[in-house]
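Here is a short briefing for a first look. Start with the sequence and the fold, then read the points below.

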Amino acid sequence: MDVRLSTTSYVVLGMIALRGPSTPYDLKRAVGHSVGYFWHFPHAQLYSEPDRLAAAGLLECESEDGGRRRKTYSLTALGRDALRDWLASPTDEHFQMRDVAELKLFFNEVGDPDDVYRLAEEQIAQHRTRIADYEQMVERFGERPEAGPRMITVELGLEMEYAALRFWQALAKDDLDGLRAARYTGDGRPGAGPSVVPPRA
């Protein structure tokens, strides 16, 4: 193929592979309820990328003759092969993090010491909210066999949210020493860390 595929390309291909023929609006809604929780990008790309992939033969496009002239895209055999090749390729990149709270924390010595406490309290509330969102997903979809493969991502999200919650709670209590001590079990192996206060109902 002469076309260069980006991560957004694979998001589009993957979403259509999972949900079937889709309009760009369908893709935007699907992304907002799934990968949008952990992979951020301008959603305007979901309106331009399908045409580019269709021109490359990875998607097939059907346009309405009248009305809103909506375009619906479906996956071609070539598109499925490209997606499967990407899924099987090595992933040697560490995960990316763009966290404004962590950036503020890095420069905390320039500000007021009370800013750190307020930041910690804000982050505790935010992580509790996200944990509650993920737990609702588990409660709603966790028992559905067809949702099992996708729920693995939710479990990873929960682990990361609980880890962040442990950190911000320890910081708010000025107990980073306790957080460090709980990071390892008695034999020196990484442990589960200290317990966290569960999210409010």
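A salt bridge here is a side-chain nitrogen of Lys or Arg within 4 Å of a carboxyl oxygen of Asp or Glu. The side chains of D51 and K71 meet that definition, with N and O 3.3 Å apart. This pair links distant parts of the chain, as D51 sits in helix 3 and K71 in strand 2 (residues 71-75), 20 residues apart. The model is predicted.

**Salt bridges**
- The structure holds six salt bridges.
- One of them joins R52 to E49, and their closest N and O atoms are 2.8 Å apart.
- R52 and E49 share helix 3 (residues 45-55) and lie three residues apart, about one turn of the helix.
- Another joins the side chains of E64 and R70, at 3.1 Å from N to O.

**Exposure of the paired residues**
- D51 is partly exposed, at 33% relative accessibility.
- K71 is also partly exposed, at 33%.
- R52 is partly exposed, with a relative accessible area of 32%.
- E49 counts as buried, because its relative accessibility is 9% and the cut-off for buried is under 20%.
- E64 is partly exposed at 31%, and R70 is partly exposed at 43%.

**Regions listed in UniProt**
- An unreviewed UniProt entry lists residues 97-167 as "domain: Transcription regulator PadR C-terminal".
- Residues 97-167 are 79% helix and 0% strand, and their end C-alpha atoms are 16 Å apart.
- The unreviewed entry gives residues 117-144 as "coiled-coil region".
- Residues 117-144 are 89% helix and 0% strand, with end C-alpha atoms 41 Å apart.

How values were computed: Residues are numbered from 1 along each chain as its sequence is written. This is a predicted model: local features need pLDDT of at least 70, side-chain atom pairs count only at pLDDT 80 or more; totals for chains, interfaces and linings use all residues. Side-chain values use heavy atoms; hydrogens and water are left out. UniProt positions are given in the numbering used here, feature names are shortened, and annotations may be inferred rather than shown by experiment. Helices (H or I, at least four residues) and strands (E, at least two) are DSSP runs, numbered from the N terminus. Buried means under 20% relative accessible area, exposed over 50%, partly exposed in between (1.4 Å probe, protein chains only).
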